[in-house]
Amino acid sequence: SYPPRSALRSFSSSAEGRGTGAEAGASRSTTAASSSRSKSADFSLSSSPPRLSSALPSASAIRHDNYHTGFITDATFRYAEGAPDADARRAGERGLDFYRDRLFEPDGAPRFQSHRPWPRDIHGAAQGIVSFSRAAARDRAHLETAERIARWTVANLCIPEEGRFLYQKGRFLTKRFTLMRWCQAWMARALSLLALAREGKT
């Protein structure tokens, strides 16, 4: 299901995007470091939606998955704020619109990939809450998106009386086991950020 080696460079945008976000918060004390960040950001932005899908071979089953798209969008905003970079900010806004419109259902359910709704993965739900809670600091309208995803998640992937979140909800089968990092830790992070966003502290 993976693309040939010639297309793998496009997929490195995920790692590059996360690296860009981390680098944006680091010291920009040297010209070399600043140049490295700029090159990393330029590559990531040139490979972001909708351009990435057009760079992939038509036979590939991989398009835009949920949580990596959220990671890259968050990293883009972190870079834009740290640089500062108006082009990166505009790219982040386009990416956030794509993330909301193509990777979540109207009721807040997370799509697994942009072209594939199932399964509903807890990590996708958590990343959506994280991304839109953070985005609420720039535009309060994003808070409703984070709230909608959280409501769907609690209603469909949570056992409140046991205090745990489930791994995945498929079209016909729900995987009801819980993983400490994938399920619990990410949802703890997501709901903490949502609580801060409600108070305007993200």
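User: Which residues in α6 does α5 meet?

Analyst: Keep in mind that this is a predicted model. On the α5 side, the residues taking part are Asn66, Tyr67, Thr69, Gly70, Thr73, Thr76, Phe77, Tyr79 and Ala80. Their partners in α6 are Ala88, Arg89, Gly92, Glu93, Gly95, Leu96, Phe98, Tyr99 and Leu103.

User: How many residues of that contact are nonpolar, polar and charged?

Analyst: Take the residues where α5 touches α6 and sort them by type.

User: Is α5 roughly parallel or antiparallel to α6?

Analyst: Helix α5 covers residues 66-82 and helix α6 covers residues 86-103, with their axes 8 Å apart. The packing angle is about 160 degrees. Angles over 145 degrees count as roughly antiparallel, so α5 is, relative to α6, roughly antiparallel.

User: And is the crossing left-handed or right-handed?

Analyst: For this one, look at how α5 passes α6. The crossing is left-handed.

User: What share of the residues counts as buried?

Analyst: The cut-off for buried is under 20% relative accessible area. The protein chain has 202 residues, and the buried share of them is 47%.

User: What part of the accessible surface belongs to carbon and sulfur atoms?

Analyst: The accessible surface of the protein chain totals about 10,400 Å². Carbon and sulfur atoms account for 53%.

How values were computed. Residues numbered from 1 in each chain as written. Predicted model: local features only at pLDDT ≥ 70, side-chain atom pairs only at ≥ 80, totals over all residues. Heavy atoms only, no water. Buried < 20%, exposed > 50% of the residue type's maximum accessible area, 1.4 Å probe, protein only. Areas by Shrake-Rupley, 256 points an atom, 1.4 Å probe, with all protein chains shown as cover. Axes fitted to C-alpha atoms, helices over the stretch in contact; angles between N-to-C directions. Helix = DSSP H or I, 4+ residues; strand = E, 2+ residues; numbered from the N terminus. Parallel < 35°, antiparallel > 145°, perpendicular 65-115°, else oblique. Left-handed = near helix turned anticlockwise from the far one by under 90°. Contact = heavy atoms within 4.5 Å. Nonpolar A, V, L, I, M, F, W, Y, C, P; charged D, E, K, R; others polar.
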